[in-house]
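Dear colleague,

Please find the structure below. My notes on the ligand site follow it.

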Amino acid sequence: MIDLHTHSTASDGSLTPSELARAGKAAGLDVMALTDHDCAKGLDEFLAEAQRLGLRGVPGIELSAEVPNGQLHLVGLGFDHHDPALQSAFEQMLGGRDARNHLMLKAFQENGIDLTMDEVARYAGDELISRVHFAQALIARGLVKDLAEAFERFLGKGALCYRDRFRYSPEECIRLIQSAGGIVIMAHPLSLERDLQALEPKIAALKDAGLVGMECFYSTYDTETTVALLRIANRLKLVPSVGSDFHGTPKPSIFLGQLPVSEAVKQRLCEYLF
Ligand code: AMP
Ligand code: MN
Ligand code: MN
Ligand code: MN
């Protein structure tokens with residue numbers, strides 16, 4: 001089985017990169033990418049552990065691109081994660097994230113919720129701070145019951161304490177990954193646009209910018225959605241990809257090894273990756 005979209009403690013997942021590789025192996029994966037948000041710090045550890053386990057590990061990243069409506073997340077795969085231009089772009093994104101986090105903290109305080117950065121950072125360990133870690137702090141205080149409520153009331157786009165952060169354009173994200181020798185896949189396409197007819201031309205424009213594939217097999221997509229996305233991929237000559245978006249405890253209903261695909265789908269992806 002193959003899974004090309006997962007998160008570790010290097011961003012907002014709960015398993016360390018080595019624990020994640022071991023969990024993937026135990027769940028029956030034989031090809032697996034680690035795709036932390038904006039951060040390649042977990043990759044050396046992940047790839048070393050994957051190799052030790054006889055799992056084909058793929059270096060990956062998930063970037064949030066700047067788009068006027070919806071959310072566009074791009075998964076970069078198979079790039080040189082030590083590439084200096086890429087490293088400096090990651091630093092730029094981390095800086096933007098840090099500035100955004102301080103603005104969100106201020107927004108909480110202005111709304112009478114005296115969260116501190118230390119409190120939020122506890123959920124991030126030593127790694128980058130994501131909105132998921134804000135959500136965990138709010139849950140621990142009993143202010144919300146779960147992640148969904150935290151995003152709906154406080155953290156989601158347009159919610160009370162949401163603040164935007166610096167993002168590269170879709171074209172810049174694609175170019176950065178390509179320049180470091182990798183390929184780019186569109187993550188969870190419905191986040192950009194739920195209307196499939198309106199979605200297709202938007203994906204076509206990304207293909208013109210260098211997009212190679214799109215996730216058709218995704219943990220929260222039902223069979224009907226997967227079939228519709230496979231049709232779009234087929235029409236646009238994009239490679240269908242497989243991504244669980246596993247995070248561990250922050251998203252307890254998402255598991256590894258639950259997206260079986262045909263050997264042909266896996267082989268086609270492997271041709272691009274190895
Ligand atoms: P950030 O990268 O800090 O802006 O946080 C984005 C992360 O929050 C995403 O990667 C998801 O893991 C999570 N997230 C975003 N929207 C939601 C939502 N509506 N419900 C649950 N988790 C979400
Ligand atoms: Mn996440
Ligand atoms: Mn995403
Ligand atoms: Mn993800």
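From which domains does the shell around ligand 1 draw at least three residues each? They are domain 1 (2-90 + 167-273) and domain 2 (95-155), with bounds taken from an automatic or database domain assignment.

This is a predicted model, in which local features need pLDDT of at least 70, side-chain atom pairs count only at pLDDT 80 or more, and totals for chains, interfaces and linings use all residues. Residues are numbered from 1 along each chain as its sequence is written, chains are lettered from A and ligands numbered from 1 in the order written, and side-chain values use heavy atoms, without hydrogens and water.

The shell residues (a heavy atom within 4 Å of the ligand) include His 37, Arg 97, Ser 130 and Lys 251. Helices α3 (84-110), α5 (131-140) and α6 (147-155) each supply at least two shell residues; helices are DSSP runs (H or I, at least four residues) numbered from the N terminus.

Polar side-chain atoms lie close to ligand oxygen atoms (N or O pairs within 3.5 Å): Arg 100 at 2.7 Å, Arg 131 at 2.8 Å and Asp 12 at 3.2 Å.

Regards

Terms used
A polar contact is a pair of N or O atoms within 3.5 Å; within protein, one must be able to donate a hydrogen and the other to accept it, and residues adjacent in sequence count only if both atoms are side-chain atoms.
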